[in-house]
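Subject: Structure handover

Dear colleague,

I am passing on the structure we spoke about, so that you can look at it alongside these notes. Please keep the sequence and the 3D view open while you read.

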Protein chains: 2
Amino acid sequence: MLTELTDRQRQTYDAIREHLAHHGVTPKLAELGQALGIQSRGVVHRHVRALVDAGLVEVEPGRHRGIRLAGVVPMPGVMELPLLGRIVAGQPLEAIPDEATIDLGQFFMGPGRFVLRVQGDSMIEAGILDGDMVVVKQVEHAANGEIVVALIDGEEATLKRLRNNRDGSVTLQPANRALAPMIYPASRVQIQGVVVAQLRSYR
Amino acid sequence: MLTELTDRQRQTYDAIREHLAHHGVTPKLAELGQALGIQSRGVVHRHVRALVDAGLVEVEPGRHRGIRLAGVVPMPGVMELPLLGRIVAGQPLEAIPDEATIDLGQFFMGPGRFVLRVQGDSMIEAGILDGDMVVVKQVEHAANGEIVVALIDGEEATLKRLRNNRDGSVTLQPANRALAPMIYPASRVQIQGVVVAQLRSYR
DNA sequence: AACGATAGAGAACATTTGGAGAACGTGCAA
DNA sequence: TTGCACGTTCTCCAAATGTTCTCTATCGTT
């Protein structure tokens, strides 16, 4: 899939992801052009269109900043592991007959998702440790209690639990008793995405 | 097959594969020439054509970077998600340029592995919560400090951190201050596997 | 010495790829 | 609401690239 892209199209794809990593939002065409050294928005648009055709990116037509990362659609059946059962403290393994395998593809993959490596202990009581990966789905609004990636003042990105207060302010609450919740006016907080999954590898 | 090639053709074939391994894409003729010490694109093209006749390589005519390795099915990252960066509390997102995607396959898949759904809070301080999945690799012996699935008296299966004591006994230590460690003679404890990964789905 | 096989340089050409910029309509913020 | 910014489409152009040629050189064999 990546192999049928031209050099410039591949660079465009990388630049979109890099911009998303740095600024928290996908770039506009002029910004993409600046990153790539291209003056013409038309040229950038042609490259983005090629990425859409390749299925790597989605675009909301006409919208400003309308580029979205597309998830690679997994082939069903390829990423399955046997699901043996439920382990209970003090109980033998319990077989689960109806749910014989778990499809990791359905577990994690989807459009507009990306992975972040977590650094720090601010969510440790929610079971998200230093070094864990979180799968984030790009959304602009999240519900109370969801764990979100939030951009504060367009600069600082944090991973916190979200609470929308009645007075219009927003509380970003760490899952760590040593850290205090942060309260901001809604205008200063921009939701970048919600955590849909978490994964950890033991070496 | 390879025996019918001349020295230079064999070197060309190796250079193509090396470029693919190193850069992720097949080389253009000029790049191939540089790797081989050849000035003329025409000469490189002749060598590539010989590889096509030998069935080792395929070419999309006219396309830039049109060389494809024959027999290599381009199944690029069926299970890959973009790995955007590292998120730090209070810091902007930090890009990870060299590690652009995470392959969930390599993360989880492997021989002798299966998945268990965890019930209970006995490992909560190790970031393994009630309802999480753990990927377990079947082994019979584990090292100190590893999280293992252990069978006690052939009946009760538990998920605990392992410690082999000097007197031959085995300590199964929960990651939960409310629960006490359990000490058994080694004869009563059978290791079924070690936890190699953990994953959790929100919603 | 003659010959064929292998290999390289470079010219010439067609096509692909990439870019600039104008023009237009619309989303979006002041 | 209005003005601007932005996405979109278009034409024209230049450079890069693949492709095909011819000419030359080296080496081993007959």
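Below is what was found, going from the whole of one chain down to single residues. Please bear in mind throughout that this is a predicted model.

**Chain A as a whole**

Chain A contains 4 helices and 12 strands, and of its 203 residues 48% are buried. If you take the contacts in chain A between residues at least 6 apart in sequence, 50% of them join residues at least 24 apart. The accessible surface of chain A is about 10200 Å², and carbon and sulfur atoms account for 50% of that area.

**Nonpolar cores**

The largest nonpolar core is made of 37 residues, and the residues with the most contacts inside it are Phe108(A) and Leu199(B). Apart from that core there is another one, of 30 residues, which includes Ile38(A), Val44(A), Ala126(A) and Val136(A). As background, nonpolar side chains tend to be buried together in soluble globular proteins.

**Two helix pairs**

In chain A, helix α2 (residues 29-36) and helix α3 (residues 41-53) have axes that come within 9 Å and cross at roughly 90°. An angle from 65 to 115 degrees counts as roughly perpendicular, and α2(A) and α3(A) are therefore described in that way. On the α2(A) side the contact is made by Leu29(A), Ala30(A), Leu32(A) and Gly33(A), while α3(A) contributes Arg41(A), Val44(A), His45(A) and Val48(A). Sorted by class, the residues of this contact between α2(A) and α3(A) are 5 nonpolar, 2 polar and 1 charged.

In chain B, helix α2 (residues 29-36) packs against helix α3 (residues 41-53) at an angle of about 90°, with the axes 9 Å apart, which makes α2(B) roughly perpendicular to α3(B). Here Leu29(B), Ala30(B), Leu32(B) and Gly33(B) of α2(B) meet Arg41(B), Val44(B), His45(B) and Val48(B) of α3(B). The residues of the contact between α2(B) and α3(B) comprise 5 nonpolar, 2 polar and 1 charged.

**Arg65 in each chain**

Most residues other than glycine have a negative phi. Arg65(A), although not a glycine, has a positive phi of about 55°, and Arg65(B) likewise has a positive phi, near 55°. Arg65(A) sits in the loop between β1 (57-59) and β2 (67-69) of chain A, and Arg65(B) is in the loop between β1 (57-59) and β2 (67-69) of chain B. Is each of them buried or partly exposed? Buried means under 20% relative accessible area, so Arg65(B), with 13%, is buried, whereas Arg65(A), with 29%, is partly exposed.

**Two further residues**

Gly145(A) belongs to the loop between β7 (133-138) and β8 (147-152) of chain A, and with a relative accessible area of 33% this glycine is partly exposed. Leaving aside residues up to four places away in sequence, Gly145(A) touches Arg161(A) and Leu162(A). The C-alpha atom of Gly145(A) is also 9.2 Å from that of Gln173(A), a residue 28 places apart from it along the chain.

Val149(B) lies in strand β8 (residues 147-152) of chain B and is buried, with a relative accessible area of 1%. From C-alpha to C-alpha, Val149(B) and Val195(B) are 7.5 Å apart in space, although 46 residues apart in sequence.

With best wishes

Technical notes:
Residues numbered from 1 in each chain as written. Chains lettered and ligands numbered in written order. Predicted model: local features only at pLDDT ≥ 70, side-chain atom pairs only at ≥ 80, totals over all residues. Heavy atoms only, no water. Core = buried A, V, L, I, M, F, W, Y, C linked by side-chain atoms within 4.5 Å. Buried < 20%, exposed > 50% of the residue type's maximum accessible area, 1.4 Å probe, protein only. Contact = heavy atoms within 4.5 Å. Areas by Shrake-Rupley, 256 points an atom, 1.4 Å probe, with all protein chains shown as cover. Axes fitted to C-alpha atoms, helices over the stretch in contact; angles between N-to-C directions. Parallel < 35°, antiparallel > 145°, perpendicular 65-115°, else oblique. Nonpolar A, V, L, I, M, F, W, Y, C, P; charged D, E, K, R; others polar.
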